Amino acid sequence: MNEKPTLFSGIKPTGIPHIGNYLGALKQWVDLQGKYNCIYSIVDYHAITIAIDKDELQKNIYTTARILLSIGINPDKSILFLQSTIPEHTELCWIFNCLTPMSELQRMTQFKDKAKQHRQNINAGLFDYPVLMAADILLYNAEFVPVGEDQLQHIELTRIIAKKFNNRYGEMFAMPKPIVGPAKRVMSLNNPTKKMSKDLGESSYISLLDPPEVVEKKVKKAVTDTGPTDANNMSAGVKNLFDLLVYFDNNSAYQRFMQQYQQGTIKYSELKQELANTINKTLDPIRTKASNITDDDIKKILQSGANKARQIAQAKINKIKQTVGTFI
Ligand code: ADP
């Protein structure tokens, strides 16, 4: 590791990453390589806070890694590893558990949302998830965390935990700051008042491996409205389609369709066709690269990433344990 500041971020292997993940976080992961010491993790211990089948989880781990490599995460520039291969994450989580007020965790909106969605499985891990996330970040003394808007409250909690530790035991952790890009909250296609998420079903999101015809079908089905009303009062669904044109760098189409929208001449079918073509242009090379990466390649890359992460994690946890007094 050199003089550059460290940056950490993670993604849950809960399915095939979607364009919300890509635009909100993963695209930045790629762009920030080289400027920071980037450490990226596939956070499988976070994934099991929701009941998930073993084979499904295994498949998702490989698919998530395959996608990260296909969008441009370069294992020569960044550390890429599977969270559970570094037990220091859960070790530090326990130390942080003993510093984190229950009242802070009770405020977390993501816990409240997920608890509503998974009433049959409101487990202690789901409640504790933000503390494990704090451990993920602080174990590497990361100063920056590229995330979507939904994670900002968790980063704030990470800072609270770091401060509590530093106040009690002396300076140990940097205060991490979020890096939020322009696409901080991509909305769901079938329910545009909610964020795009795998939880809202297949037609909510476009996965990065959806074939071109599926992308077209999903965009065509996206919720819009019966026609332009007031340009300042655009419906959430139409706004999301316009935003997506910008996020996928098709500004000229954005201008053209916006003019038509303001004049009341827009045809949503044409806007949707243009958007589907635009998305497919970005996804084409990702799909091709993904089909050329084998499970063996992935295993080697994740193992080599774990070896690098382990060195940093072990040195840090030893220091932390010395400070806390949990050693002989
Ligand atoms: P998910 O919410 O789909 O299960 P993760 O929790 O693994 O995905 O999130 C991975 C990254 O993607 C996080 O930084 C998160 O903030 C970001 N992200 C997830 N959904 C969206 C979205 N709809 N818009 C923008 N960013 C998102």
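## Domain arrangement

In this predicted model, the C-alpha centres of domain 1 and domain 2 lie 30 Å apart; domain 1 covers 6–185 + 295–324 and domain 2 covers 198–289, with bounds that come from an automatic or database domain assignment. Residues are numbered from 1 along each chain as its sequence is written, and side-chain values use heavy atoms, with hydrogens and water left out. Local features need pLDDT of at least 70 and side-chain atom pairs count only at pLDDT 80 or more, whereas totals for chains, interfaces and linings use all residues.

The contact (heavy atoms within 4.5 Å) takes 19 residues from domain 1 and 15 residues from domain 2. Between them the two domains bury about 1600 Å², 69% of it on carbon and sulfur atoms, where buried area is the accessible area (1.4 Å probe) lost on putting two parts together, summed over both. On the domain 1 side, His-18, Ile-19 and Ser-70 lose the most area to domain 2, together 35% of what that side buries.

## Ligand surroundings

The ligand is surrounded by 19 residues, each with a heavy atom within 4 Å of it; the closest are His-18, Gly-148, Asp-150, Val-186 and Lys-195. Helix α1 (residues 19–31), a DSSP run of H or I with at least four residues, supplies the largest share of this shell, four residues.

Among the polar contacts (pairs of N or O atoms within 3.5 Å), a ligand nitrogen atom is 2.8 Å from a polar backbone atom of Val-186, and a ligand oxygen atom lies 3.0 Å from a backbone N or O atom of Lys-12. Taken alone the ligand exposes 550 Å², of which the protein buries 96%, with areas from the Shrake-Rupley method and a 1.4 Å probe.

Definitions and conventions. Polar contact = N/O pair within 3.5 Å; in protein donor to acceptor, adjacent residues only side chain to side chain. Helix = DSSP H or I, 4+ residues; strand = E, 2+ residues; numbered from the N terminus.
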